[in-house]
Amino acid sequence: MFNYFSSLLYPKFKLVIVLLLALNAVIYAMVDTLTSAVDALAWLALLVMYEMEANGIAPLAENTLGKMRDILIAVIVGVFVSYLHDSEWLDVANSALWFALIALLESEVRWPEKVFKFRQGYWLATVIVFAGLIAMVMVWAWQSAWLDVYDATLWIIAFASIEVDIFQLFQRKQA
């Protein structure tokens, strides 16, 4: 699987995904609620930060990146609370899965030695979260919510590519 990505001109592939996600945020700003647009922009900024860290690109100090991630996560939690308040249960379930993925990524960034030590359990947790996210795509497809299907599919691809980068980084560190 990892060789597949390297044969795709991988950085260009990721750039296309990020550009599509930026377009996605604009679409949400135009056709959906302000909450959805803020959610999409916060997630996009968080994705870019994880991508930079996974590839050793840190234009800011590590503690500054950590604080910025914390602020973005707080914004995303605020969006989650608004979904709870409005009883948007599908969005609540989707957000909960994404929070689980963020917890896994934060663990990789903050405690890589512990993640490596428990890599099989960590890998299983990651697979379960991604399976849940894919199930969400199927639910939205069943409901004919095509913008949500498109959005969720892009995000899954984007975060899966970061997971591949982090996995390769662990392999290089252990070699």
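**Exercise 1. Work out the order of the elements from the N terminus on, and count helices and strands.**

Solution. Start at the N terminus of this predicted model and walk along: the elements run α-α-α-α-α-α-α-α. The tally is 8 helices and 0 strands. Next, check burial: 39% of the 175 residues count as buried. Finally, look at contacts between residues at least 6 apart in sequence: 71% of them join residues at least 24 apart.

**Exercise 2. Decide whether helix 4 and helix 5 are roughly parallel or roughly antiparallel, and describe their contact.**

Solution. Get the geometry first: the two helices pack at about 165°, and their axes are 9 Å apart. Angles over 145 degrees count as roughly antiparallel, so helix 4 is roughly antiparallel to helix 5. As for handedness, helix 4 passes helix 5 in a left-handed crossing.

Then list who takes part. Helix 4 brings Gly-66, Arg-69, Asp-70, Ile-73, Ile-76, Val-77, Phe-80, Tyr-83 and Leu-84. Helix 5 answers with Trp-89, Asp-91, Val-92, Ser-95, Ala-96, Phe-99, Ile-102, Glu-106, Val-109 and Arg-110. Sort these residues by type and you get 12 nonpolar, 2 polar and 5 charged.

**Exercise 3. Is Met-49 buried or exposed, and what does it touch?**

Solution. Met-49 sits in helix 3. Its relative accessible area is 6%, and buried means under 20%, so Met-49 is buried. Leaving out residues up to four places away in sequence, Met-49 touches Leu-65, Met-68, Arg-69 and Leu-72. Take Arg-69 as a distance check: it is 20 residues from Met-49 along the chain, yet their C-alpha atoms are separated by 7.6 Å.

**Exercise 4. Is Asn-94 buried or exposed, and what is it in contact with?**

Solution. Locate Asn-94 first: helix 5. Its relative accessibility is 13%, so Asn-94 counts as buried. Setting aside neighbours within four places in sequence, Asn-94 is in contact with Leu-133, Met-136 and Trp-140.

Definitions and conventions. Residues numbered from 1 in each chain as written. Predicted model: local features only at pLDDT ≥ 70, side-chain atom pairs only at ≥ 80, totals over all residues. Heavy atoms only, no water. Axes fitted to C-alpha atoms, helices over the stretch in contact; angles between N-to-C directions. Helix = DSSP H or I, 4+ residues; strand = E, 2+ residues; numbered from the N terminus. Parallel < 35°, antiparallel > 145°, perpendicular 65-115°, else oblique. Left-handed = near helix turned anticlockwise from the far one by under 90°. Contact = heavy atoms within 4.5 Å. Nonpolar A, V, L, I, M, F, W, Y, C, P; charged D, E, K, R; others polar. Buried < 20%, exposed > 50% of the residue type's maximum accessible area, 1.4 Å probe, protein only.
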